[in-house]
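Subject: Structure handover

Hello,

Here is the structure I promised you. Please open it next to this email and follow along.

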Amino acid sequence: MFMFFTYFTIRDSLEVMLQSSRTEELNQLEEEIEAYYEKHGSSWTSLTPADLARLVPEGRLAPSIGLMDAERRMLAVSDDLPVRLLERLGIHRELSMEGKTIGWVYYYDSDVANLSKLRIGTPISVVFLVGGGAVVFMLLSLGAAFFVSRWLTSPLRRLVPIIDRLGRGEFGIQAPVNSKDEYGKVAQAINGMSEQLARAEEVRRNLVADVAHELRTPLTIIRGKLDLLQQGGGQIQPEHLLPIQDEMIRLTRLVGDLHQLSLAEAGKLPLDLRPTDMGKLLREVVERVSWEAEAKNITLSMKVMGNRSIVSADAERMMQVFLNLLHNAIRYTPEDGRVMLTLRDVDVASTVNPSPRPMLQIRVQDTGPGVSPEHLPYLFNRFYRTDEARSRHAGGMGLGLAIAKEFVANHLGTLEAESRPGEGTAFIVTLPIIEREHA
């Protein structure tokens, strides 16, 4: 667009300059030729080159003159100048009479020819120069853009092999972080994702191994007992079936716990939500486990602080949560120890809802040996145990805390753990309170 705009601007400017250079001569010719046309009965039939030669202005330039009729047919030329040269390099003026075009007069001399050559050649030269410059500029721009884009995307190209290795299952691999800009943030995000994938893969493998182990133990016992009964022959006594029944119950409980945990994690756990007085529900829980505490001479106490304890909950699911927490507390508390249950209402603000919201906080504290800091983040993982040497039959299957945490999460609450070695462990359940009038 710039090239064509420049071409037409220069061409028209030179045309105006050329016409204005011979204004006086053309005005004189126009008057004389129009007078000749009128004198000869408004006709060019008698016009000869000699007639035009007499009209040539005197001077050093010795110009040539040509005349065309209204149909653009050359009628005569004042000398032997070629008509094509006259038309191409000369300047012309329209002749008219009474508003009607009667012909065209052409004027040519050496200076006019030189200016005409400039008028023709200069715009063409400008087109070639501008066009060539545009092509060179485009090529340089493309080359510069290519190298700049290569430079800008080089951090991403360094990340591509890392992403490919992640796609092939090499979890945990880390990408180099060489800057703090957007590319550095992308590399950090990929590193975080890689670490999470590595942890998830480790959890998955451990889960498969734990499930296989938990299933293999009772199945081995059942198979051994059945083989023994088959080899013995004769009538099977009912007491010989009791170990098999115990292992079947264990298998059934394991499958049931895994099913409930899967439903809770998927957010599809069926809940019968009703306004529930957690103080009353926890007193029932304490009554159920009191015999277990008395057997170890453990002091089991409950303290209610505040007067707001109504939550929207499935009483049966929450009963299962606190039975699990209290059983764990009593199991790991030594004889003559204490287990304390505390209820209090607190106002909690979150990042989602900055305004404080009334929450019921239930704390289950024991005086057991506590949990080491390296084990604390994994307490709620499936099949996780802090003491690997401990018997699985003595310590359960390792699903209780995972189920409790998911049950609480399905009630829009949280379950957290606090512990220090030698100072006991505390599990804190937080649930949203509903006011009594809403209840």
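What radius of gyration would a compact globule of 439 residues have, and what does the protein chain have? The globule would come near 22 Å, but the protein chain has 52 Å. Keep in mind that this is a predicted model.

**The whole chain**

Start with the outline. The C-alpha trace spans about 150 × 65 × 45 Å along its principal axes. The protein chain holds 11 helices and 11 strands. Of its 439 residues, 35% are buried. The accessible surface is about 26500 Å². Carbon and sulfur atoms account for 57% of that surface.

Now look at the contacts. Take those between residues at least 6 apart in sequence. Of these, 67% join residues at least 24 apart.

**The four-stranded sheet**

Find the strands E1 to E4 next. They form an open sheet in the order E2-E1-E4-E3, with antiparallel pairing. Strand E2 (74-77) and E3 stand at the edges. Each has a single partner strand, so one side of each is left without a neighbour in the sheet. From one strand to the next, the twist averages 20 degrees.

How many bridges pair E3 with strand E4? There are seven, in the antiparallel sense, and E4 covers residues 100-108.

**Salt bridges**

The structure holds 12 salt bridges. Here are some to look at.

Begin with Arg93 and Glu30. Their closest N and O atoms are 2.8 Å apart. This pair links distant parts of the chain. Arg93 sits in strand E3 (residues 91-97), and Glu30 sits in helix H2 (residues 23-39). They are 63 residues apart. Why does Glu30 count as buried? Because its relative accessible area is 18%, and the cut-off for buried is under 20%.

Next, go to helix H3 (residues 49-55), where both Arg54 and Asp51 lie. Their side chains meet in a salt bridge, 2.2 Å from N to O. The two are three residues apart, about one turn of the helix. Is Arg54 buried or exposed? Arg54 is exposed, with a relative accessible area of 61%. Asp51, at 12% relative accessibility, counts as buried.

Asp69 forms a salt bridge with Arg73. Here the closest N and O atoms are 2.9 Å apart. Asp69 also counts as buried, at 8% relative accessibility.

Strands of a sheet pair through backbone hydrogen bonds, either parallel or antiparallel.

An open sheet of five strands has the order E6-E8-E9-E11-E10. Its pairing is mixed. Strand E6 (299-305) and strand E10 (414-419) are the edge strands. Each pairs on one side only. The twist from one strand to the next averages 20 degrees.

Do E6 and strand E8 run parallel or antiparallel? They run parallel, joined by seven bridges, and E8 covers residues 338-348. Lys303 stands opposite Thr342 in E8.

Helix H9 (residues 315-332) packs on this sheet. H9 touches E6, E8, strand E9 (357-366), E10 and strand E11 (425-432). The direction of H9 makes about 30 degrees with that of E9.

**Helix H11**

One more helix to find. Helix H11 (residues 400-410) lies across E10 and E11. H11 runs at about 135 degrees to E10. Which residues of H11 are buried? They are Leu401, Ala402, Ile403, Ala404, Phe407, Val408 and Asn410. Just after H11 comes Leu412, which takes a positive phi of about 65 degrees.

Best wishes

Conventions. Residues numbered from 1 in each chain as written. Predicted model: local features only at pLDDT ≥ 70, side-chain atom pairs only at ≥ 80, totals over all residues. Heavy atoms only, no water. Pairing = 2+ DSSP bridges. Axes fitted to C-alpha atoms, helices over the stretch in contact; angles between N-to-C directions. Contact = heavy atoms within 4.5 Å. Buried < 20%, exposed > 50% of the residue type's maximum accessible area, 1.4 Å probe, protein only. Rg over C-alpha atoms; globule rule 2.2 N^0.38 Å. Areas by Shrake-Rupley, 256 points an atom, 1.4 Å probe, with all protein chains shown as cover. Salt bridge = Lys/Arg side-chain N within 4 Å of Asp/Glu carboxyl O.
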